[in-house]
Amino acid sequence: MPTTAASVEATRAHWSLGDLWITHLAGEETERHFALLETLWAPAFPAPLHVHRDADELYYVLEGELTVYLPGRVVRRGVGGWVYCPRGVPHAYEVTSPTPARLLYVGSPVGFERFVAAAGEPARDLTLPPGEADIARAITLAPKYGIEILGVPGELPDGTPPAEPSGAAYWSLGSLAIVHLSREDTEGRYSFVEHLIAPGERPPTHVHGREGQLWYVLEGELTVHLRGETRRCHSGEWAYGPPGVPHTHEVTSETPARVLEVNSPAGFEDFIAAAGQPAGELTVPPSGEPDLSRAIALAPKYGIDVMGRPGALP
């Protein structure tokens with residue numbers, strides 16, 4: 001099982017649905033908890049009204065602007081914004097920026113990455129596809145993957161708006177941790193957390209008995225040490241640590257690192273809250289050493305085994 005990605009393999013990039021899709025993590029690599037894809041959509045690209053019967057979708061905007069039409073709600077997100085659409089909620093979307101939109105996509109449970117591959121073709125380069133998309137093929141395949149097409153592009157959903165995730169922010173374990181999605185939002189499948197971590201911060205080597213963890217770097221540099229492997233992640237790069245693999249990580253840039261984290265199954269966000277305190281503002285915690293003794297004492301309750309002192313590598 002691969003734990004990091006240094007480059008995109010040809011078999012992982014597809015021209016599909018009129019877009020470029022790159023599968024960073026397939027279901028087979030996350031114990032089928034979630035899939036991580038990166039996608040590039042053309043300006044004014046509209047998706048028809050549809051619903052996913054089996055999977056929840058999360059989109060995080062890396063470049064451009066995305067507008068999502070949900071029942072009773074229009075959500076417009078620019079860089080750094082995100083939209084969560086639970087299964088069973090009809091929706092449509094379009095790129096509303098004058099330039100292409102680059103997005104991260106988290107699907108749970110898994111399977112959408114297989115639809116992308118089946119409805120498209122291997123990408124010959126990492127650009128938008130040439131020519132028109134074979135939408136008829138995608139529509140024919142959609143039911144096999146739990147997707148129902150409800151209308152044409154431009155048709156909008158109606159009904160009751162889905163609940164909005166509540167979110168919370170903590171100063172915990174030496175970082176600012178913004179919990180965007182918790183177990184309550186995803187029925188326990190995963191949590192979605194954004195961290196702002198000061199330079200030099202490194203937790204003790206530890207192992208999660210329950211969850212795998214994905215780290216995607218937005219700003220700065222995060223060096224991840226997995227057992228027998230070290231990966232230096234810059235902006236746009238990521239690493240994945242499966243459950244049961246000892247690891248630690250350190251901010252090795254001179255500025256704070258902003259990192260997206262997916263924990264699957266959910267639960268690590270509860271440890272973040274228990275080991276920390278509500279953040280007074282959305283900045284790195286005030287200077288001073290984090291209270292690691294409290295975190296170490298709480299760790300076993302959350303399936304975490306601390307294996308070494310800070311600075312020791314797995």
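Helices (H or I, at least four residues) and strands (E, at least two) are DSSP runs, numbered from the N terminus. This is a predicted model, in which local features need pLDDT of at least 70, side-chain atom pairs count only at pLDDT 80 or more, and totals for chains, interfaces and linings use all residues. Residues are numbered from 1 along each chain as its sequence is written, and side-chain values use heavy atoms, with hydrogens and water left out. Strand 4 supplies the largest share of the lining of the largest pocket, 5 residues.

- An open sheet is formed by 7 strands in the order 8-5-10-3-2-1-11, with antiparallel pairing. Two strands pair if DSSP finds at least two bridges between them.
- Strand 8 (82-85) and strand 11 (121-122) stand at the edges with a single partner strand each, so one side of each has no neighbour in the sheet.
- Helix 1 (residues 112-119) lies across strand 1, strand 2 (19-25), strand 3 (35-41) and strand 10 (101-108). Helix 1 runs at about 65° to strand 1. The axes are lines fitted to C-alpha atoms, for helices over the stretch in contact (heavy atoms within 4.5 Å). Angles run from 0 to 180 degrees between N-to-C directions.

- Strand 15 (residues 191-197) is mostly covered, with 7 of its 7 residues buried. Buried means under 20% relative accessible area, exposed over 50%, and partly exposed in between (1.4 Å probe, protein chains only).
- Ser191, Val193, His195 and Ile197 point one way from strand 15. Phe192, Glu194 and Leu196 point the other way.
- Strand 14 (residues 175-181) pairs with strand 15 in the antiparallel sense over 6 bridges. Alanine 177 stands opposite histidine 195.
- Strand 22 (residues 257-264) also runs antiparallel to strand 15, joined by 7 bridges. Leucine 260 in strand 22 is the bridge partner of glutamate 194.

**Helix 4**

- Phe268, Glu269, Phe271, Ile272 and Ala275 are the buried residues of helix 4 (residues 268-275).
- They sit on the same side of helix 4, because they cover an arc of only 155° around the axis. The arc is that of the directions from the helix axis to the C-beta atoms.

**Backbone exceptions**

- Most residues other than glycine have a negative phi, and most peptide bonds are trans.
- The peptide bond from serine 108 to proline 109 is cis, with omega near -10°. Proline 109 is in the loop between strand 10 and helix 1.
- The bond from serine 264 to proline 265 is cis, with omega near -5°. Proline 265 is in the loop between strand 22 and helix 4.
- Glutamate 31 is not a glycine, but has a positive phi of about 55°. Arginine 32 is not a glycine either, and has a positive phi of about 65°.
- Glutamate 31 lies in the loop between strand 2 and strand 3, and arginine 32 is placed in the loop between strand 2 and strand 3. Arginine 32 counts as partly exposed, at 41% relative accessibility.

**The largest pocket**

- A pocket, on a 1 Å grid over the protein atoms alone, is an open set of points where a 1.4 Å probe fits, with protein on both sides within 12 Å along at least five of seven lines. Lining residues have an atom within 4 Å of a point.
- The largest pocket has a volume of about 480 Å³. A volume is the space filled by probe spheres set on the points, which are joined across faces, edges and corners.
- Its lining has 26 residues, and Leu17, Phe45, Ala47, Pro48 and Ile135 lie nearest its centre.
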